[in-house]
Amino acid sequence: MFCPIDILRETLGTGPCEYILAVEGLGSPENPSPDDVTRWVERLFERGRAAKNADLIRERLDLMCGHVKRTLARIAEYEKFAAGLRALCRERSRERLVRRLLVLLDELERQIADGRRAAGSLEETRRLARRLGQLAVARGPAEEAQGICERLRATGAALRTTLARCRLAARRIEQWARTAERTGGDTALAREVQRRAKGILGTKGRLP
């Protein structure tokens, strides 16, 4: 179930939805997203100032790659969270109780897999960033630079969306546990799931 605020944020798009980077500890001037960096690079190419700022462009692109790396690492933490809960469910014999939880875990893992396919690999991001830096130095065609920027923005959007959906899934799992505890289910299991959900929601990304 999506709350109205979740639908609103999904609809508004990139600018207003940078909130997800903030709540995950991934949004800051020193940790620029692909959207921030590529739009800045495009403006430099449009104004014919890319070559003069080539060193700064490469520096910002390196920071952007670090942002992508951190975001992927944060998504991997949600994947580990899901795997841990799945293992916990296997330890319980009351499958009927955890059936809904397993559905939520299936959805979380599917969202992560889909997001990774849409975003591409970190190696691809780094390759595109290197090429963009080369174009700036060599005064390469703005059309090629724009195409690379669009691809990098698509990567950033896919990662941001995946991160938002991971966080929403963790909130749903936490709510499932609260409901299970109130309705007289496996209290120990419900409390452990709540503890782990609160843990993943309260742990923000940090520089490796």
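Student: What makes Arg153 and Glu42 count as buried or exposed in this predicted model?

Tutor: Both Arg153 and Glu42 are buried. Buried means under 20% relative accessible area, exposed over 50%, and partly exposed in between (1.4 Å probe, protein chains only). This is a predicted model: local features need pLDDT of at least 70, side-chain atom pairs count only at pLDDT 80 or more, and totals for chains, interfaces and linings use all residues. Residues are numbered from 1 along each chain as its sequence is written, and side-chain values use heavy atoms, with hydrogens and water left out.

Student: Why is the contact of Arg153 with Glu42 called a salt bridge?

Tutor: A salt bridge needs a side-chain nitrogen of Lys or Arg within 4 Å of a carboxyl oxygen of Asp or Glu. Arg153 is in helix H7 (residues 142–182) and Glu42 is in helix H3, 111 residues apart. Helices are DSSP runs (H or I, at least four residues), numbered from the N terminus.

Student: What makes Asp106 and Arg86 a salt bridge?

Tutor: Their N to O distance is 2.8 Å, so the pair passes the cut-off. Asp106 is in helix H5 (residues 95–119), and Arg86 is in helix H4 (residues 54–90).

Student: Why is Cys166 called buried?

Tutor: Its relative accessible area is 0%, so Cys166 falls under the buried limit. Cys65 is buried too, at 9%.

Terms used. Helices (H or I, at least four residues) and strands (E, at least two) are DSSP runs, numbered from the N terminus.
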